[in-house]
Amino acid sequence: MAKNNHLETIVQRIEKLEEEKAALAEDIKSVYSEAKSDGYDTKILKQIIAMRKKDAAKVAEEKALLATYMEALGMLADLPLGQAALKASGATADEEF
């Protein structure tokens, strides 16, 4: 019988935590809604929140990889730095890699 009481206690604790989690999720949703009404892009805010959870070195590594992939796909050619790099290399934005 003792195990059943312990099991019930565990289930009740989990249920309580699930209720608290749902309340917190609703609070977070409300803050995002407020941010959106203030003119902020919530998708970008979510990305910033995710980045702030990560180690700075991991964020820097991801940014470097993103830039590398974008450069390989020619997606940086329209930016001033990309144009300067193309000019320095003698290539044009229309050339394939």
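What you see is a predicted model, in which local features need pLDDT of at least 70 and side-chain atom pairs count only at pLDDT 80 or more, while totals for chains, interfaces and linings use all residues. Residues are numbered from 1 along each chain as its sequence is written, and side-chain values use heavy atoms, with hydrogens and water left out.

Next, switch to a surface view. The protein chain exposes about 8800 Å², of which carbon and sulfur atoms supply 60% (areas by the Shrake-Rupley method with a 1.4 Å probe, where for residues only the protein chains shown count as cover). Of its 97 residues, 5% count as buried, a word that stands for under 20% relative accessible area, with exposed meaning over 50% and partly exposed in between (1.4 Å probe, protein chains only).

Now turn to the salt bridges, each being a side-chain nitrogen of Lys or Arg within 4 Å of a carboxyl oxygen of Asp or Glu. How many salt bridges does the structure hold? There are 3 of them.

Select Lys16 and Glu20, whose closest N and O atoms are 2.6 Å apart in a salt bridge. Because these two residues are 4 apart in helix H1 (residues 2-37), about one helical turn separates Lys16 from Glu20. Glu20 counts as partly exposed, at 35% relative accessibility.

Then select Lys21 and Glu18, whose side chains meet in a salt bridge at 3.5 Å, N to O. Lys21 and Glu18 are 3 residues apart in helix H1, so about one helical turn lies between them. Lys21 is exposed, with a relative accessible area of 53%, whereas Glu18, at 41%, is partly exposed.

For another salt bridge, select Lys54 and Glu62, where the closest N and O atoms are 2.9 Å apart. Lys54 is partly exposed at 37% relative accessibility, and Glu62 is partly exposed too, with a relative accessible area of 30%.

Finally, select Tyr32 and Lys46. Which residue lies over the face of Tyr32? Lys46 does, at 5.1 Å from the ring centre; a charge sits over a ring if NZ of Lys or CZ of Arg is within 6 Å of the ring centre and within 35 degrees of the ring normal.
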